[in-house]
Amino acid sequence: MDGLLVDSEPEWLKSESEITAAYGYEWNSDDQVACLGGPLSRVGQYMHDKCNQAESAEFFTAKLVQVQAEKMRSHTPYMPGAFELVKELQSNGVKTGLVSASPRIIVEAVLDNVGTDLFPFSISSDDVEQTKPYPDAYLKAALLTNSDISQCLVFEDSLTGVGAATSSGAWLIAVPHLVKVEESARVRVIKSLEQMSFETLRRLHTDFSALI
């Protein structure tokens with residue numbers, strides 16, 4: 001189960017920058033880090049505050065969803081190594097899916113562009129009572145695939161996603177973007193998905209303490 005395979009962060013940066021620029025605010029790297037991983041209601045509130053409360057927090061949240069969906073429908077890049085890794089896992093019988101803190105409209109925009117071969121099922125923030133950093137989405141993914149969450153592996157890049165994955169009881173491989181993630185008994189940190197393969201993950205399944 002993956003929350004990392006689509007490289008959406010550059011598009012989020014463009015969307016946030018475009019929206020706040022209209023209100024005279026120049027979105028910067030600190031803002032991007034502060035909002036990384038959502039949830040979008042928090043991002044809308046953050047934009048509301050930075051733009052001198054020119055519009056409601058709900059307005060900024062809705063505007064961001066609209067702009068980002070348009071961007072993802074026209075351009076959905078993969079993280080380096082993501083496509084190859086998922087196809088290799090699927091060829092070896094591993095179930096894969098997309099678990100996102102974004103609303104269904106953005107998830108569908110991604111799927112419209114990349115297809116459903118990589119992600120036979122998807123879970124959005126609209127599909128659970130509480131989105132990341134709560135574990136609900138990953139627990140639902142395990143239920144949908146008739147899997148024991150303690151035997152599931154999650155890929156994440158944000159602290160919000162890491163929190164959701166670890167609290168769900170899953171194993172986690174983090175590829176941090178702009179943030180620092182600490183390793184623990186069930187968490188490993190890598191620089192790129194290009195380091196991963198079915199064989200590497202098979203070895204980690206046997207001994208997760210092994211160095212990657």
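This is a predicted model: local features need pLDDT of at least 70, side-chain atom pairs count only at pLDDT 80 or more; totals for chains, interfaces and linings use all residues.
Leu-153 stands opposite Trp-171 in strand S4. Strand S4 covers residues 171–174. Four bridges join strand S4 to strand S3, and the two run parallel.

Now widen the view to the sheet. Strands of a sheet pair through backbone hydrogen bonds, either parallel or antiparallel. Here the pairing is parallel, in an open sheet of three strands with the order S3-S4-S5. Strand S3 (153–156) and strand S5 (187–189) stand at the edges. Each has a single partner strand, so one side of each is left without a neighbour in the sheet. From one strand to the next, the twist averages 20°.

A helix packs on this sheet: H8, residues 159–168. Helix H8 touches S3, S4 and S5. The direction of helix H8 makes about 160° with that of S4.

Next comes the largest pocket. Its volume is about 630 Å³. The pocket is lined by 26 residues. Closest to its centre are Val-94, Gln-151, Cys-152, Leu-153 and His-205.

Which elements give two or more residues to the lining of the largest pocket? They are S3, S4 and helix H9 (198–206). The largest share comes from H9, with six residues. By class, the lining has 13 nonpolar, eight polar and five charged residues.

How values were computed:
Residues are numbered from 1 along each chain as its sequence is written. Side-chain values use heavy atoms; hydrogens and water are left out. Two strands pair if DSSP finds at least two bridges between them. Axes are lines fitted to C-alpha atoms, for helices over the stretch in contact, and angles run from 0 to 180 degrees between N-to-C directions. Contact means heavy atoms within 4.5 Å. On a 1 Å grid over the protein atoms alone, a cavity is a set of points where a 1.4 Å probe fits but cannot get out, and a pocket is an open set with protein on both sides within 12 Å along at least five of seven lines; lining residues have an atom within 4 Å of a point. Grid points are joined across faces, edges and corners, and a volume is the space filled by probe spheres set on the points. Ala, Val, Leu, Ile, Met, Phe, Trp, Tyr, Cys and Pro count as nonpolar, Asp, Glu, Lys and Arg as charged, and the others, Gly among them, as polar.
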